[in-house]
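Biologist: I have a few labels to check with you. Take me through them one at a time.

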Amino acid sequence: MMTNKEDTASLFKFLADDRKRANDFETFATARKTLHRRLILAGLKHIEKPTETLIVLIGEEAMCLRWEAEKRLAALGTIANIAPYVGLFGTVLGVMHAFHAISLKAGAGPGVVAAGISEALITPAAGLFVAIPAVVAYNFFLKRARRISMEFDRVSALLVYRVRK
């Protein structure tokens with residue numbers, strides 16, 4: 001579940017409001033379905049602990065949430081990186097196939113070579129067809145995960161500041 005900018009802006013505004021208290025934070029957090037909700041509720045669960053402990057516990061929850069936000073990025077990045085190599089492998093096999101066809105036909109002309117080369121160029125095209133959208137998607141989701149991670153840091157700091165005030 002990802003966050004949208006309106007929910008994030010309203011969350012920061014809410015946390016910065018000096019009139020709000022811990023029970024207001026809980027009501028606000030449970031009413032929204034954002035990733036930040038878990039972070040706030042984890043902080044409120046340990047509100048009675050010393051400040052240093054509270055900071056560590058909120059940080060651990062933020063780390064778990066970061067992992068959840070980024071957990072599928074590794075697979076997407078791997079697909080983006082290996083797809084061109086799969087295409088290259090197909091090219092090598094296709095060229096090998098073309099040379100094999102040439103060796104079987106002693107008087108082979110350009111038609112035999114062209115057929116093998118055209119076959120060899122199909123896999124790089126397929127590899128790029130997969131790799132380019134995967135790289136775009138990877139970069140998009142990586143940027144989004146980093147933005148959310150920065151929001152977690154800000155929410156954590158605001159929450160500790162507000163509950164200790």
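Modeller: A definition to start. A crossing is left-handed if the near helix is turned anticlockwise from the far one by less than a right angle, and right-handed if clockwise. Helices are DSSP runs of H or I with at least four residues, and strands are E runs of at least two, numbered from the N terminus. This is a predicted model, where local features need pLDDT of at least 70 and side-chain atom pairs pLDDT 80 or more, while totals for chains, interfaces and linings use all residues. Residues are numbered from 1 along each chain as its sequence is written, and side-chain values use heavy atoms, with hydrogens and water left out.

Biologist: Which hand does the crossing of α5 and α7 have?

Modeller: Left-handed: that is how α5 passes α7.

Biologist: What makes α5 and α7 roughly antiparallel?

Modeller: Their packing angle is about 165 degrees. Angles run from 0 to 180 degrees between N-to-C directions, and axes are lines fitted to C-alpha atoms, for helices over the stretch in contact. Under 35 degrees is roughly parallel, over 145 roughly antiparallel, 65 to 115 roughly perpendicular, and the rest oblique. The angle is over 145, so α5 and α7 count as roughly antiparallel. Their axes are 8 Å apart.

Biologist: Which residues of α5 and α7 meet?

Modeller: Contact means heavy atoms within 4.5 Å. On the α5 side, the residues include Leu73, Leu76, Ala80, Pro84 and Gly87. On the α7 side, they include Pro124, Val130, Tyr138, Phe141 and Leu142. By class, this contact has 16 nonpolar, six polar and no charged residues. Nonpolar covers Ala, Val, Leu, Ile, Met, Phe, Trp, Tyr, Cys and Pro; charged covers Asp, Glu, Lys and Arg; the others, Gly among them, are polar.

Biologist: Why are α5 and α6 called roughly antiparallel?

Modeller: Helix α5 (residues 73–104) and helix α6 (residues 110–120) pack at about 165 degrees. That is over the cut-off, so the label is roughly antiparallel. The axes of α5 and α6 are 7 Å apart. The crossing of α5 past α6 is right-handed. Among the residues that meet are Gly90, Val95 and His97 in α5, with Val112, Ile117 and Glu119 in α6. The contact of α5 with α6 holds eight nonpolar, five polar and one charged residues.

Biologist: What makes α3 roughly parallel to α7?

Modeller: Helix α3 (residues 35–45) packs against helix α7 (residues 122–164) at about 30 degrees, with axes 10 Å apart. The angle falls under 35, so α3 is roughly parallel to α7. The crossing of α3 past α7 is right-handed. From α3, His36, Leu39 and Leu44 are among the contact residues; from α7, Glu151, Phe152 and Leu159 are among them. This contact divides into nine nonpolar, three polar and one charged.

Biologist: How do you know that His36 is buried?

Modeller: His36 sits in helix α3. Buried means under 20% relative accessible area, exposed over 50%, partly exposed in between, with a 1.4 Å probe and protein chains only. His36 has 1%, so it counts as buried.

Biologist: Which side chain does the side chain of His36 make a polar contact with?

Modeller: The side chain of Glu151, at 3.0 Å. A polar contact is a pair of N or O atoms within 3.5 Å; within protein, one must be able to donate a hydrogen and the other to accept it, and residues adjacent in sequence count only if both atoms are side-chain atoms. The pair at 3.0 Å falls within that limit.

Biologist: Why is His46 called buried?

Modeller: Its relative accessible area is 18%, which is under the limit, so His46 is buried. His46 lies in the loop between α3 and α4 (51–70). Neighbours within four places in sequence aside, His46 contacts Leu54 and Leu57.

Biologist: What makes Val160 buried?

Modeller: Val160, in helix α7, has 11% relative accessibility, so it counts as buried. Beyond four places in sequence, Val160 touches Thr51, Leu54, Ile55 and Ile58.

Biologist: Why are Val56 and Arg21 called partly exposed?

Modeller: Val56 in helix α4 has a relative accessible area of 48%. Arg21, in the loop between α1 (5–16) and α2 (22–30), is at 48% relative accessibility. Each value falls between the buried and exposed cut-offs, so Val56 and Arg21 are partly exposed.
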